[in-house]
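Have the viewer open beside you.

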2 protein chains.
Amino acid sequence: MHRYLLIPGPTPIPPRVLRAMQRPMIGHRSPEYGEILKRVVENLKYVFQTGNDILVFSSSGTGGMESSIVNLLSSGDKAIALASGAFGERFVKILEGFGVEVLPLRCEWGEVINPRSVARELDRNRDIKAVFATLVETSTGVVNDIKSLGRICRERKTLLVVDAVSGLGVEELRTDSWGVDVVISASQKGLMTPPGLSFVSISERAWEMTQTSRIYRFYWDFKTYKESFEKGQPPYTPPVSLVFGLDEALKMIKEEGMEKVWERQRRLARATREGIKGLGLELLAKGNLSHGVTAVKVPENIDGWEILKVLREKYGVTLAGGQERLRGKIFRIGHMGYIQFKDILVALGALEKVLLSLGHKDFRRGEAIKRAKEAGK
Amino acid sequence: MHRYLLIPGPTPIPPRVLRAMQRPMIGHRSPEYGEILKRVVENLKYVFQTGNDILVFSSSGTGGMESSIVNLLSSGDKAIALASGAFGERFVKILEGFGVEVLPLRCEWGEVINPRSVARELDRNRDIKAVFATLVETSTGVVNDIKSLGRICRERKTLLVVDAVSGLGVEELRTDSWGVDVVISASQKGLMTPPGLSFVSISERAWEMTQTSRIYRFYWDFKTYKESFEKGQPPYTPPVSLVFGLDEALKMIKEEGMEKVWERQRRLARATREGIKGLGLELLAKGNLSHGVTAVKVPENIDGWEILKVLREKYGVTLAGGQERLRGKIFRIGHMGYIQFKDILVALGALEKVLLSLGHKDFRRGEAIKRAKEAGK
């Protein structure tokens with residue numbers, strides 16, 4: 001059975017990337033590796049739309065999130081965290097753990113926090129050092145208005161840190177022109193590479209803050225990486241084969257062009273949403289829908305886990321369930337990275353059959369595919 | 001030009017492992033991934049020779065080292081670190097950074113620290129909470145007497161933490177019968193998998209210590225991983241394709257059997273050392289030679305970097321240079337993991353030609369290969 005992986009990460013790996021990962025191993029202190037690292041960082045800058053330094057860690061995206069906290073802040077510092085879902089809450093948890101006084105801004109899961117409420121809190125609390133936000137909140141499928149947050153933070157000289165693990169290479173993100181100081185991402189979503197690499201871009205202003213941070217860090221220390229990268233070497237053994245893969249994936253993105261990547265993602269998202277509506281299903285989010293993942297409410301009287309199980313076992317289609325408070329209440333369709341339009345159609349077709357078999361019948365047969373095809377033009 | 005990679009990690013990847021890494025991506029919260037994770041942990045226990053819990057991190061070996069400190073100790077605690085080279089010194093540095101009062105035991109690089117001096121220090125300082133040691137000190141090619149250290153620490157009820165990044169799957173290591181509380185390793189050396197995964201085994205006694213540690217940790221928190229693994233899932237997105245590769249590499253090791261792996265490594269090390277002597281070269285270490293890496297003194301009046309450069313560019317043979325205070329003074333031949341006897345012969349043959357071309361002529365031609373062949377029988 002052919003398998004279709006439509007989850008919000010890890011995403012399917014293009015054949016070119018898989019082939020690149022087959023290259024014989026090389027030493028990470030070789031001139032050859034140094035050249036690849038340099039090219040990868042240059043191409044990441046293009047994807048991040050930044051001239052800032054970019055560091056590459058051997059870790060999951062969560063490691064990258066932790067690195068942004070331990071390098072910038074100190075115990076007792078104040079920060080705002082926009083927590084509109086599970087990944088925003090993760091920032092709150094890590095911040096609090098390291099002794100940062102967090103002002104969490106929350107909303108219903110599936111909604112986003114209005115940037116104006118961030119401005120209001122910043123004006124009320126002049127001692128806030130940084131704002132932590134999520135580009136795409138993977139748990140609910142919404143996208144935050146980073147452009148407005150960038151403007152608000154710049155005006156108030158507050159640092160803006162954005163978790164773009166799920167958003168980079170999917171949603172429009174202009175690190176420099178929007179004024180985002182620190183952007184965190186990872187290899188396994190929009191970047192079409194297996195998981196195991198995280199990336200952090202660091203503005204001049206953020207570098208200045210690293211000098212006053214008093215949290216001790218060794219593995220995550222930005223300065224260690226920067227100094228080592230400047231010598232053409234990573235400080236510790238990097239995931240060489242994943243870097244081979246990333247190098248190829250970044251070439252693919254560059255060949256296509258960022259604007260076109262974003263446009264392709266918009267088209268896939270539109271097709272998915274129209275298909276879902278054609279199945280008589282309801283989206284979790286009312287607005288600010290992300291282009292990388294769509295969260296769908298499980299119809300009443302149907303077991304959400306059963307939908308996912310039958311899809312996987314009978315049709316080879318893997319979707320994701322809900323996380324934490326949304327467990328069992330939603331399912332999520334990932335359409336970021338190397339997902340093709342036909343994968344969306346296959347998933348919608350299988351979903352139609354599974355829903356019918358489970359008793360959800362209140363929709364016109366074939367309507368999902370039809371609407372998806374129209375929207376995906 | 002065929003390339004020969006004889007460095008002490010990352011090591012060449014067996015075709016079986018490369019093929020396994022080509023499997024289509026799967027979700028890390030799927031039952032399928034849960035089964036692989038379970039099997040990988042079971043097989044790691046065999047390689048570690050332990051019944052203790054083993055956790056798998058997305059990080060380099062250094063991340064595993066850091067995790068052992070932040071989970072076990074608190075600022076102000078006392079610890080001994082055996083620092084016989086660059087990696088022992090890394091423990092000292094991380095420990096000190098996190099506020100641990102370190103008593104470093106040092107020796108000439110190329111020698112090892114006598115376990116009796118550890119016993120003496122432990123008897124003098126009854127408040128020492130843990131001893132940190134390195135199985136194979138990669139920077140000098142020596143192996144520490146972990147068995148004796150285990151006995152000494154057990155007798156005094158002091159925790160023993162061993163960095164076996166370079167040693168696991170190469171040197172005899174019997175975690176449980178030697179009484180090693182925490183063993184740290186990584187994927188890219190004896191385990192024949194690309195870098196990007198680190199492993200930590202944790203004894204009951206070590207688990208108890210995690211309860212009193214007051215260093216905050218999020219990404220490295222042992223308890224988070226243990227609880228998540230018990231549900232068949234990693235807490236954060238793991239390097240799925242590397243885990244596919246590791247799964248296959250561990251099967252290979254199990255098929256061969258640990259005793260035979262150790263015996264094969266001993267044979268390769270013997271052949272390498274005899275070959276080096278046949279070239280009229282001197283080993284850095286006088287005794288306690290590791291079976292994974294051999295450090296060789298650069299002959300006087302010859303530029304060590306030139307040897308490595310010509311070997312690489314003209315013969316496709318990559319060896320490693322010296323680190324830190326041994327920079328330019330030694331070169332190192334890695335013979336751990338998926339290194340074949342013929343690779344050693346190729347390296348020795350190329351080395352003979354390069355040495356001759358650079359003016360080192362005081363040895364009998366062909367002697368290196370002859371002695372290596374005899375020793376490798």
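Two strands pair if DSSP finds at least two bridges between them. Helices (H or I, at least four residues) and strands (E, at least two) are DSSP runs, numbered from the N terminus. Before we dig in: this is a predicted model, so to speak of local features pLDDT has to be at least 70, side-chain atom pairs count only at pLDDT 80 or more, and totals for chains, interfaces and linings use all residues. Residues are numbered from 1 along each chain as its sequence is written, while chains are lettered from A and ligands numbered from 1 in the order in which they are written.

With that in hand, look at chain B. β13(B) and β14(B) pair in the antiparallel sense, over two bridges, and here B:Ala320 sits opposite B:Arg332 of β14(B). On to β11(B): five bridges join it, also antiparallel, to β14 (residues 330-334) of chain B. Within that pairing, B:Val296 has B:Phe331 as its bridge partner, and B:Lys297 has B:Ile330. Put together, you get an open sheet of three strands in the order β11-β14-β13 (chain B). β11 (293-297) and β13 (320-321) of chain B are at the edges with a single partner strand each, so one side of each has no neighbour in the sheet. Helix α11 (residues 258-278) of chain B packs on this sheet, touching β11 and β14 of chain B, and its direction makes about 10° with that of β11(B). Axes here are lines fitted to C-alpha atoms, for helices over the stretch in contact, with angles from 0 to 180 degrees between N-to-C directions.

How many residues of β14(B) are buried? Five of its five, where buried means 20 or more other C-beta atoms within 10 Å of the residue's own, with C-beta atoms placed from the backbone. Both faces are covered: B:Ile330, B:Arg332 and B:Gly334 on one side, B:Phe331 and B:Ile333 on the other.

Now zoom out to where the chains meet. The contact (C-beta atoms, placed from the backbone, within 7 Å) takes 42 residues from chain A and 42 residues from chain B. On the chain A side, α3 (61-72), α4 (86-97) and α10 (240-256) each supply at least two residues, and the largest share, four residues, comes from α3(A).

Finally, chain A as a whole: there are 14 helices and 14 strands. Its C-alpha trace spans about 60 × 55 × 30 Å along the principal axes, and 55% of its 377 residues count as buried.

Methods:
Buried ≥ 20, exposed ≤ 12 C-beta atoms within 10 Å, placed from the backbone. Contact = placed C-beta atoms within 7 Å.
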